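These are my notebook entries on a structure that I had not examined before. I record what I looked up, entry by entry.

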Amino acid sequence: MSNNASYLHLASLRVPDTSFNKLTPAAFEKHSGRETARKWKNNVWLIVKGEKVPLSKTAFLKYYNQASKNGNGIHKAHGGRVCHRDEFVRCNRCKKERRFRLRTKEECRIHHDALADVNWKCSDILYDRITCDDDEERASRRVYRGCFRSPTCKGCTSCVCFGCEICRFTDCSCQTCIDFIRNAEA
């Protein structure tokens, strides 16, 4: 197979053979013989305004939900647990950053609501008794974000989620959740 044939062009998504229709992008990359350490997003190309652009540089990844449909996708970590990287929200009152662990649907919802609230403050955290008087987490500790591949991960496909059934909500009216729910139903 030539190098040019290994790139997935948008038109080649309409493959009549049903065995290819069920391939995830990572499985397609493996099939093409160009397995590059989970960098399939750079090997899948789209034509945007006549230019060949890697999928990673487009907005389409935001709508990729193959992982949540199959149950064996990129967010399944060790032991089958879903992995999302810990995120931080800045308090509107004291300007300190507070950590949010995103391991369960409830934790994801608390973080989601905190991000949406422009007047969010430390005392709004439900699962911890934190006030604005408490010290902010040390900067050296903040680099540890809860990724299973590397504790100091700056964001990889294993821990950064573009949307899944755990962190998107049917009862939320934000555009990101609405887009995800519409895409999941299609």
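**Entry 1: the hairpin**

I began at the hairpin of β3 and β4, where six residues lie between the strands and K95 takes a positive phi near 65 degrees. I took helices (H or I, at least four residues) and strands (E, at least two) as DSSP runs, numbered from the N terminus. β3 pairs with strand β4 (residues 97–100) in the antiparallel sense, over four bridges; two strands pair if DSSP finds at least two bridges between them. I noted that E87 has F100 in β4 as its bridge partner.

**Entry 2: the model and its confidence**

The model is predicted, so I note its terms: local features need pLDDT of at least 70, side-chain atom pairs count only at pLDDT 80 or more, and totals for chains, interfaces and linings use all residues. Residues are numbered from 1 along each chain as its sequence is written, and side-chain values use heavy atoms, with hydrogens and water left out. pLDDT is the predictor's confidence in each residue, from 0 to 100. I found a chain mean of 74, with 66% of the residues at 70 or more. Over residues 1–18 pLDDT stays under 50, and the model has 23 contacts for them beyond four places in sequence; a contact means heavy atoms within 4.5 Å. Residues 66–74 also stay under 50, with 14 such contacts.

**Entry 3: the overall layout**

I counted eight helices and four strands. Along the sequence they follow the pattern α-α-α-α-β-β-α-β-β-α-α-α. Of the 186 residues in the chain, 34% are buried, meaning under 20% relative accessible area, where exposed is over 50% and partly exposed is in between (1.4 Å probe, protein chains only).

**Entry 4: D86**

I located D86 in the loop between α5 (66–70) and β3 (87–90). Why does D86 count as buried? Its relative accessibility is 6%. The side chains of D86 and R99 are joined by a polar contact of 2.8 Å. I use that term for a pair of N or O atoms within 3.5 Å; within protein, one must be able to donate a hydrogen and the other to accept it, and residues adjacent in sequence count only if both atoms are side-chain atoms. Beyond four places in sequence, D86 touches residues including F100, L102 and R145.

**Entry 5: the cores**

A nonpolar core is a set of buried Ala, Val, Leu, Ile, Met, Phe, Trp, Tyr and Cys residues joined through side-chain atoms within 4.5 Å. The largest has 17 residues, among which F100 and W120 touch the most other members. Helix α6 (residues 105–116) gives the largest share of this core, three residues. A second, separate core of five residues includes C83, C153, C156 and C159. Beyond its neighbours within four places in sequence, W120 is in contact with residues including V89, C91, F100 and I125.

**Entry 6: the cysteines**

How many disulfides are there? The count is zero, with a disulfide taken as a pair of cysteine sulfur atoms within 2.5 Å. C132 has its closest cysteine sulfur in C91, at 3.7 Å, too far for a bond. For C108 the closest is in C167, at 5.5 Å, again too far. C108 counts as buried because its relative accessibility is 4%.

**Entry 7: F180**

I found F180 in helix α8 (residues 175–185). F180 is buried, at 7% relative accessibility. Its C-alpha atom is separated by 7.9 Å from that of C164, 16 residues apart along the chain.
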